[in-house]
Amino acid sequence: MLVTKRKPIEEIAGFVAGEKGVFLLGCDGCAAASGTGGEDDVVALKEALEREGVTVTGWKVIDFLCQKALIRTGLRPFAKELQASDSILVSTCGIGIQATATVAELPVHPACDTISLGGIRGEWQGEERCLECGQCFLEYTGGICPLTACAKQLVNGPCGGAKDGRCEVEPDVRRCAWEVIYERLERQGRLDLLRAAPLQVKDHAKMRPPEELRGTRRWAIDVAEAEEVAR
Amino acid sequence: MKLADLFARGKFVITSEVAPPKGTDLSEMIENAELLRSRVDAINITDQQSSVMRLGSLVASQQLKGREIEPVFQMTCRDRNRIALQSDLLSAWAVGIENVLCLTGDHVCLGDALGAKPVFDLDSVSLLAAARGLNAGADMEGNELAGKTDFCLGAVVTPGADPVELQLLKMGKKVEAGAAFFQTQAVFDAEAFGWFMERARAFGVPVMAGIILLKSAGMARFMNANIAGVHVPQLLVDEMAATAKEDRPAKSVEIAARIVREVKEICQGVHIMPLGWEKQVPAILNAAGL
């Protein structure tokens, strides 16, 4: 799930200033869950824009803007409205906005900022996060990820900035990750693991998705799009 | 001159520190260094401390070196990736810098450029290991250097951290990675520092006790509330609180000198952080019999 937050209306109005009309596109997936891309959200955005003097030619909420085939079919009935528009304002995540920009002939504006989740994946509601770093450190850290739990992403121990066990970055919401790691390993009688851990150096090259995986993803999307075009 | 050579000769090593300016006018930093030069073995140059953008510690260190004041070049991992860090180490050696203090660095959120990217590509331990590698003639990827470095590498430790076990664990990793001396976070409680040294002695690496000049009771309370690993005992807070404003510099010197006297038999040096009161440092050393 990607979490989005609507940009300030003044900022959005600035994007479309001077245009004859703008078509609004929402997304019924993650963005609807975030309160930015559902029907109510898009209608509210339309009204807010109209108060700013922007002409809204029409709007549509599509199930998933991350599916290009759905964007094509979703926009098909709106040829007249799109013709009266200079652009499409897309109220969803960075993926949906880019997907629309690829598929649509008109220029696209973003209505949202996609919020960093620091490694949350899928529908997971817990505190555990994974950055997909490609070199899992969890063996040495009691199953607590230092990349996501430590504000400085330190992999060789704490920085010394924690006060009363709270992280210097967000003392109100975050404990020092290394103290939590220490406590768990101590409880398990496994502190030797921390002492014996080799010098850890992050390899940022591993954070790039491997070529073959990107290929697979690409292939799946290409097949889906080819089927849609054939239909 | 390397600090390690002084420790090897059995000298009780004294360092202090100055901060580069926010801007290009180095005169105040150099004045402060001049006040300290005859009484200390070397002077640390802080690296944009508290994440506040300033003139760089490399050039400031070079400026002191040019005045024959021995610099300890502080380097943090907050602002540079491993390419820039290693490059600056090579540059530092090329301009004659011999002592480097390797730190992780404060987080960007404490400073004056809140939107900056916190880098932390390396941390204090991996920076030490990288610098040791340069001393051995190779970069982190194992590529051979045309001309190697020969730095004396230092690190920091917080004796008052809780749990101290975790500090000792990281201290051990720093020693393994090449730390040849340690400077500590401020010490105000000599007895507690003694317990720490009982444990730290096992590493066989010289430790310099950090000494901060206590300027007022308010400053003491602020540090107790906000600075990690610093604890000013209530007795000292009361002592400052009972001192009239005009007498505070003298009291501050008296307290700092007392702490130095109490710790000097159990560690190998002191690192004095004057925080603007540089001219009091000679008086502290006199009163402490150094």
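**Exercise 1.** How many helices and strands are there in chain B?

*Solution.* A quick word on conventions: residues are numbered from 1 along each chain as its sequence is written, and chains are lettered from A in the order in which they are written. This is a predicted model, where local features need pLDDT of at least 70, side-chain atom pairs count only at pLDDT 80 or more, and totals for chains, interfaces and linings use all residues. Helices are DSSP runs of H or I with at least four residues, and strands are E runs of at least two, numbered from the N terminus. On that basis, chain B has eleven helices and eight strands.

**Exercise 2.** Describe how α8(B) packs against α9(B).

*Solution.* Start with the geometry: helix α8 (residues 217-226) of chain B and helix α9 (residues 234-241) of chain B pack at about 150°, their axes 8 Å apart. Axes are lines fitted to C-alpha atoms over the stretch in contact, with angles from 0 to 180 degrees between N-to-C directions. α8(B) is therefore roughly antiparallel to α9(B) (angles over 145 degrees).

Next, find the partners: B:Ala217, B:Ala220 and B:Arg221 of α8(B) meet B:Leu236, B:Val237, B:Met240 and B:Ala241 of α9(B). Contact requires C-beta atoms, placed from the backbone, within 7 Å.

**Exercise 3.** Which helices of chain A each supply at least two residues of the side that touches chain B?

*Solution.* First, the totals: 23 residues of chain A are in contact with 24 residues of chain B. Then the helices: α8 (177-187) and α9 (191-196) of chain A each supply at least two residues of that side. Finally, α8(A) gives the largest share, three residues.

Methods. Parallel < 35°, antiparallel > 145°, perpendicular 65-115°, else oblique. Contact = placed C-beta atoms within 7 Å.
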